[in-house]
Amino acid sequence: MIPSIGHAAVLIGLGLTVYAAVAYVLAARDGDPRLNVSARRAVIGSFVAAAIGCAAMIVSLLTHDFSVRYVAENNATTTPPFIGVISLWAALEGSILFWALLATGWASLLLHRYRDRYRPLMPWVGATLATVNAFFFAVMTWPGNPFALTAPMAAEGNGPNALLQNHPFMALHPPLLYLGYTGLAVPFAFGIAALVTRRLDEEWLRVVRRWTLIPWTFLTLGIVAGAWWSYEVLGWGGYWAWDPVENAALLPWLTATAFIHSAMVAERRGGLRIWTSAMVIATFVLTLVGTFLTRSGVVASVHSFTQSAIGPWFLAAILLALGGSLTLLVWRLPDLAGGDRPSGTVSRESAFLLNNVLFLGLTFAVLFGTLLPLLVAATSGDTISVGAPWFNTVTVPIFIALLFLMGIGPALPWGTASWSTARERFTVPLGLGVAVTASALAIGLREPTSLGTLGLATVVGSIMVEEIVRGARARARSRNEGPATATWRLATRNRRRYGGYAVHLSVLVMAVAVAVSSGLATDRTVTLAPGETATIGGYEITHDRLVVEPLSSDARVIETRAEVTYAGPQSGSLGTALRDYPNSQAAIATPAVRTSLAEDLYVTLLASDQATGTVTLHLFVNPLVVWIWIGGAMVGIGAGFAIWPERRGRRVTVERPQRAPAAVTIEGA
Amino acid sequence: MRTWLPALAVGCVLALIALGSVLVLQPGSEPTAARTDALARELRCPDCQGLSVADSPTASAQEIRRQIDELVTGGATDDEVRAHFVARYGEWILLAPTAPLVWVIPFAVVVAGAGALGAWLVSRRRPLHGSPVRPSPEERRRLREEADVLDA
Amino acid sequence: MRHLRWLLVPLVVIPLGWLLVSGFGRDPREIRSPLAGRTAPEWTLTSLDGETLSSGDLAGRPYVVNFWASWCIPACVDEHPVLSDAHRQLGEEVTIVGMLYNDRPADAEAFLTRYGDAGYSHLIDPDGRLAIEFGVTGPPETFFVDADGIVRDKQFGPLTPTLMAERLATILPSAAR
């Protein structure tokens, strides 16, 4: 019963999105307002359909309805309800259903909000979004049916992937990421609409600004959440392995960030039309490519699913989206070639443009590294690996250059900067940077990457702080306000700029944390009998005993746990374990992490001998790791600050007067 | 001449940073334990997804680490250790590809992009038509004075 | 000349499409073995029954080394009857040898009890050293060695009757099939 409702909802969703797409195209050409309304209602209806579908799946999961194949594969009678609910997005078909919910949600929100504005653009925006959503409903109707049934119905299901059950954070990471992915279709839709209607002035960029920043923020938080999960849960002691699925999330993030910056230039100075359109198309196509890579099985990854019929569908979608958008772009090339160009060779504009070159360089590098094994296999049949060493060597210099630019850019004025302005703005920060690096060397820090990043961060950070202080001081003086009030008032009246400062400063914090935690981390592998002690960093680790017992929360899981006491900058006891889940061949590591603001003590169990109680532990001391997560959260807060609407009087919507009635009676004369 | 000097300076600084970080990240010749660790970070764990032998908890990764240690203490060079495992697994076991072209291509793309950007910015500044007006020495002096007043 | 710009579309889409399509049908985890055409690694190991067997004992006849594990489900379960059949039918011409991959002997015995023991030896590979010599990335992987001790073929993943016949053909003299 419930599965049938779910399946029906998917079919209805497909019908509604197809109708909406057609209706919007017709509305665009005829200008019939009723078609517009009807199409918009269809989009909202598709959101309701997706919601019903998700609800049906969640009910099936909670009631352990093993007649549904998805439930049989991802759920068991012993699965706790919370895990059951988040299993909605745990595996392939359910995740597409969840994706459809969010995508239709964005579309409905956008189309409802702008129902009376931007009339030339909106029908095409609606048509694009409806077409994209129709694709996802189509995938759920044919190759990836979440409500496919199995007969005969099994008495017990497989249970969720062991990795999911280990940590409640699984609840947050995919939704954040998906909100980002699905939201990035909105700027794309506006770009397409602008290209189709030839309204290529800066209007669409202005509208799209918020609608890019919001999904960008979610994507950023989702990526950081993924890194946090990898660190806390997977047990290898790191947070970024350049796995294809990680790269898949990074690629659209890179182009979206580039777009946000070049859109700022274009909005302010005009021009860059080809570039901004290309960026917004690239971002959307990359969200599809990322999803394809992790779901098609063509590239081996931690996340990948075995090859299924869904792969070819996604590939077709990618090629159609890319081919269609490119064709449109090339077609409108004459209209795009106009517009002003940025001034001065050394100016904020050129800094922003260099920023774009670097971000695109990063995008190319990551894409190249991810696809190279595929290319080599296709041409020569050999298998090669492109792993962390290559990615780190290639991307770190570009990241450092971007860090440098991040400090310089906002300090340069729009238009031309003179060499003397540059000199006066950068002398003090440069001096500070040298001073900090020298002090770090003096206290014994030798590791080059950490030293370099610390110095660079000081330069960049002091440039930014100096900007904020100068502005606040000027305001405080002129309005007789205290410094804090002045800063706050200034910030809330210039949310974009100060939100930008906040985000950049947070990125700095993350950069320093990443550099120091990778440069100064220490680790060792030790084998300890009960009672033996090992030292690492400033810590003494003592192995107390080995315990093997079923989990209290799920008796099917056997946990082999080393209980350990530690003393040093932090002291206490911890348990680090390997868990044997019945549906997983490898044991799942459950590392123990003791976090302080200065460093993390990280202990993983590698092997154990039950007879003697001896354990092999991998010990890490990772400095400053917590600041990566703090920095990530701060980026979210900073972006939120920038997105929050400014209080600049009430917004008044002025309706264009309706067309005058045909007959006009003139009294009198 | 003066217009592209700042761009050149910025470019040099960026290039130096890039060069510095690349050099910093190259493994050098170090004591045994450090060499074993460095090699372990270069070799791929056979039954994981993309993790290095240094990071992986699996039994095969631990055995490979043991073998690396044996080879290194036995006097093998870094290249000989890598060749030992490539003979068994193929190039796949190396986490970083050996072909130098693969390392150069991303940097070449960035440099080409930056170069194209620079050329585009600079080309824009050339006057479009007519010959530039040449100020007389008197006018030039006045221009300088006015500019100094503004910059102060 | 103006219309040259339209070339951009196929120039971008076609190579990308070709690249991504090429990945279908291929398992990205399968690596081409560098052992092909080279002498098979030598070994002396103990079997589950406690006997010692070495690769030298198998010289002069083609043999098959099958890396498997009791936890490798369903792949090793699926290919188990294929190997057992091959041993029963062709045991005279080719020696089949099972090699445990990262497994406990007790678990392996339980597997054989459950799914049937065809009678060929299963050897214990302590620490997985031999698996590394052969370049095994995970069970099941099977190596086909001819009578001269040269590795002729490798099967990545479970064997099916068809695949088994194909691979055996590379090591068996064409008369016996």
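These are my notebook entries on three chains of a predicted model.

**Ground rules.** I'm working with a predicted model, where local features need pLDDT of at least 70, side-chain atom pairs count only at pLDDT 80 or more, and totals for chains, interfaces and linings use all residues. Residues are numbered from 1 along each chain as its sequence is written, while chains are lettered from A and ligands numbered from 1 in the order in which they are written.

**Chain A, a helix pair.** I looked up how helix H1 (residues 2-30) of chain A sits against helix H2 (residues 33-62) of chain A, and found an angle of about 160 degrees with the axes 7 Å apart. Helices here are DSSP runs of H or I with at least four residues, strands are runs of E with at least two, and both are numbered from the N terminus. The axes are lines fitted to C-alpha atoms, for helices over the stretch in contact, and angles run from 0 to 180 degrees between N-to-C directions. That angle makes H1(A) roughly antiparallel to H2(A), a label for angles over 145 degrees. By class, I noted 23 nonpolar, 9 polar and 1 charged residues in the contact of H1(A) with H2(A). Nonpolar covers Ala, Val, Leu, Ile, Met, Phe, Trp, Tyr, Cys and Pro, charged covers Asp, Glu, Lys and Arg, and the others, Gly among them, are polar.

I found 6 helices and 0 strands in chain B. Of its 152 residues, 28% count as buried, meaning 20 or more other C-beta atoms, placed from the backbone, lie within 10 Å of the residue's own.

**Where B meets C.** Next I checked the contacts: 12 residues of chain B touch 14 residues of chain C. Two residues are in contact if their C-beta atoms, placed from the backbone, lie within 7 Å. Which helix gives the largest share of chain B's side? H3(B) does, with 5 residues. By class, that side of chain B has 6 nonpolar, 3 polar and 3 charged residues.

**Chain C, the sheet.** I traced 7 strands in an open sheet, in the order E2-E1-E5-E4-E3-E6-E7 (chain C), with mixed pairing. Strands pair if DSSP finds at least two bridges between them. Strand E2 (52-54) and strand E7 (151-156) of chain C are the edges, each pairing on one side only. Zooming in, I saw strand E3 (residues 63-68) of chain C run parallel to strand E4 (residues 95-100) of chain C, joined by 6 bridges. Tyr63(C) stands opposite Thr95(C) in E4(C).

How values were computed. Buried ≥ 20, exposed ≤ 12 C-beta atoms within 10 Å, placed from the backbone. Parallel < 35°, antiparallel > 145°, perpendicular 65-115°, else oblique.
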